[in-house]
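Colleague: I have a model open and want to learn how to read its local features. Can we take them one at a time?

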Amino acid sequence: PFNPITNIKYQIPEYSLVTLKVYDVLANEVVTLVNSEKSVRQYEVEFNASHLASGIYFYRLKAGNYVGTKKMILLK
């Protein structure tokens with residue numbers, strides 16, 4: 001759980017186009033945090049949800065052939 005700012009950490013195994021998007025429980029896109037080519041290393045991006053309602057959100061990371069989704073809980 002977070003309130004209202006959290007950091008999302010991710011690691012890129014190979015140079016690739018990276019997208020990191022946040023969705024609500026109805027699968028509506030809330031925000032795109034990353035949409036660029038990245039080199040091999042670890043990254044961290046801040047997600048400020050102060051304008052959003054409390055609830056469950058998901059973030060999806062796409063990097064090359066990798067696609068992963070994780071859950072976040074916003075408590076205000």
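Colleague: Is Tyr 10 buried or exposed?

Modeller: Keep in mind that this is a predicted model. Buried means under 20% relative accessible area. Tyr 10 has 7% relative accessibility, so it counts as buried. Tyr 43, with a relative accessible area of 10%, is buried as well.

Colleague: How many aromatic pairs does the structure hold?

Modeller: Two. One of them joins Tyr 10 and Tyr 43. Their ring centres are 5.5 Å apart, with 20 degrees between the planes. Planes under 30 degrees apart count as stacked, so this pair is stacked.

Colleague: Where in the chain do the partners of that pair lie?

Modeller: Tyr 10 is in strand 1, residues 5-12, and Tyr 43 is in strand 4, residues 41-48. They are 33 residues apart, so the pair links distant parts of the chain.

Colleague: What is the nearest side chain of opposite charge to Asp 24?

Modeller: Arg 60, at 12 Å. A salt bridge needs the charged atoms within 4 Å. Asp 24 is buried and has no salt bridge.

Colleague: What does the side chain of Asp 24 reach?

Modeller: The backbone nitrogen of Leu 26, at 3.0 Å. Asp 24 itself lies in strand 2. Beyond four places in sequence, Asp 24 is in contact with Val 30, Ile 56, Tyr 57 and Phe 58.

Key
Residues numbered from 1 in each chain as written. Predicted model: local features only at pLDDT ≥ 70, side-chain atom pairs only at ≥ 80, totals over all residues. Heavy atoms only, no water. Phe/Tyr/Trp six-rings, centres within 6.5 Å; stacked < 30°, edge-to-face > 60°. Helix = DSSP H or I, 4+ residues; strand = E, 2+ residues; numbered from the N terminus. Buried < 20%, exposed > 50% of the residue type's maximum accessible area, 1.4 Å probe, protein only. Lys, Arg positive; Asp, Glu negative; His and termini not counted. Polar contact = N/O pair within 3.5 Å; in protein donor to acceptor, adjacent residues only side chain to side chain. Contact = heavy atoms within 4.5 Å.
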